[in-house]
Amino acid sequence: MKQEAVRNLNRDIAICTRCRLSLTRTNAVPGEGPVPSALFFIGEAPGRNEDLTGRPFVGRAGHVLETLLATIGLQRSSVFITSIVKCRPPENRIPRKDEIAACGGYLQTQIHLTAPTLLVPMGRLASELVFSHFGLPNIPIGRIHGQLVYAGKSCRDLAIFPVYHPAAVTHNPPLKGTIFEDFQALGRLIEEKGLKLRDEQE
Ligand code: SF4
């Protein structure tokens, strides 16, 4: 049932024209991963490689993400990965407010269908969006990364664990140690919470 809902959602995203990004994309990039999934990663927007393939995190940032997941014993196919907007902004510019608003319903439906225990926004924009969605005060990613924040009374079982965006490591190598430590903390959290992560290919 949920799989069918996901397929329908992906179909809607593939032909979506709700914002101007539909005019310049090659492929929409809905995201991928098991449904349900205990871990839900949210990036900013598709880049060039993602636009060409229709798959999330397949470029350099994707390689960094896969390497980080591997350090805590996870494959990318065990977690759900998507982004705030599903179509590539031209020249990889930051998504605009109206584009984020237009695309927000898709992300909400994905979270609803996936029913994660941990949301992992990657980078400033994703972190701001998730915090604002749950009515939480915005705390800069430089202060909140690697910390567990509960989503609120209405979502007792859902927690947020922001990390830097994997692409930040490629632009700012000193962040490599920080993001590595944050992923090790994430690995410990997964163990503490006894999260069962299912491989999509099972
Ligand atoms: S970014 Fe989102 S809202 Fe805009 S066209 Fe793509 S799928 Fe539709």
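Q: A residue counts as near a molecule if its C-beta atom, placed from the backbone, lies within 6 Å of it. Which residues around the ligand come nearest?
A: The model is predicted. There are 14 residues around the ligand, and C16, C19, S22, C87 and C103 come nearest.

Q: Which helix gives the most to the shell around the ligand, and how do its residues divide by class?
A: Helix α4, residues 97-114, gives the most, with three residues. By class, the shell holds nine nonpolar, two polar and three charged residues.

Q: Why are α1 and α4 called roughly antiparallel?
A: The axes of α1 (residues 2-14) and α4 cross at roughly 165° and come within 11 Å. Angles over 145 degrees count as roughly antiparallel, and the two helices are therefore roughly antiparallel to each other. The crossing of α1 past α4 is left-handed.

Q: Which residues make the contact of α1 with α4?
A: From α1 come K2, A5, V6, L9 and I13, and from α4 come Y106, T109 and L113. Six of these residues are nonpolar, one is polar and one is charged.

Q: What makes β2 and β4 edge strands?
A: The open sheet has five strands in the order β2-β1-β3-β5-β4, with mixed pairing. Both β2 (80-83) and β4 (149-150) pair on one side only.

Q: How do you know that β4 pairs with β5?
A: Pairing requires at least two bridges between the strands. Two bridges join β4 to β5 (residues 159-160), and these strands run antiparallel. Within this pair, V149 stands opposite I160 in β5.

Q: Which strands does helix α5 touch where it packs on the sheet?
A: Helix α5 (residues 124-133) touches β1 (39-43), β3 (118-121) and β5. The direction of α5 makes about 140° with that of β3.

Q: What makes the peptide bond from V35 to P36 cis?
A: The omega of this bond is near 0°. P36 belongs to the loop between α1 and β1. Most peptide bonds are trans.

Q: What is the phi of E91, and where is E91 found?
A: The phi of E91 is positive, about 55°, although E91 is not a glycine. Most residues other than glycine have a negative phi. E91 lies in the loop between β2 and α4.

Technical notes: Residues are numbered from 1 along each chain as its sequence is written. This is a predicted model: local features need pLDDT of at least 70, side-chain atom pairs count only at pLDDT 80 or more; totals for chains, interfaces and linings use all residues. Helices (H or I, at least four residues) and strands (E, at least two) are DSSP runs, numbered from the N terminus. Ala, Val, Leu, Ile, Met, Phe, Trp, Tyr, Cys and Pro count as nonpolar, Asp, Glu, Lys and Arg as charged, and the others, Gly among them, as polar. Two residues are in contact if their C-beta atoms, placed from the backbone, lie within 7 Å. Axes are lines fitted to C-alpha atoms, for helices over the stretch in contact, and angles run from 0 to 180 degrees between N-to-C directions. Angles under 35 degrees count as roughly parallel, over 145 as roughly antiparallel, 65 to 115 as roughly perpendicular and the rest as oblique. A crossing is left-handed if the near helix is turned anticlockwise from the far one by less than a right angle, and right-handed if clockwise.
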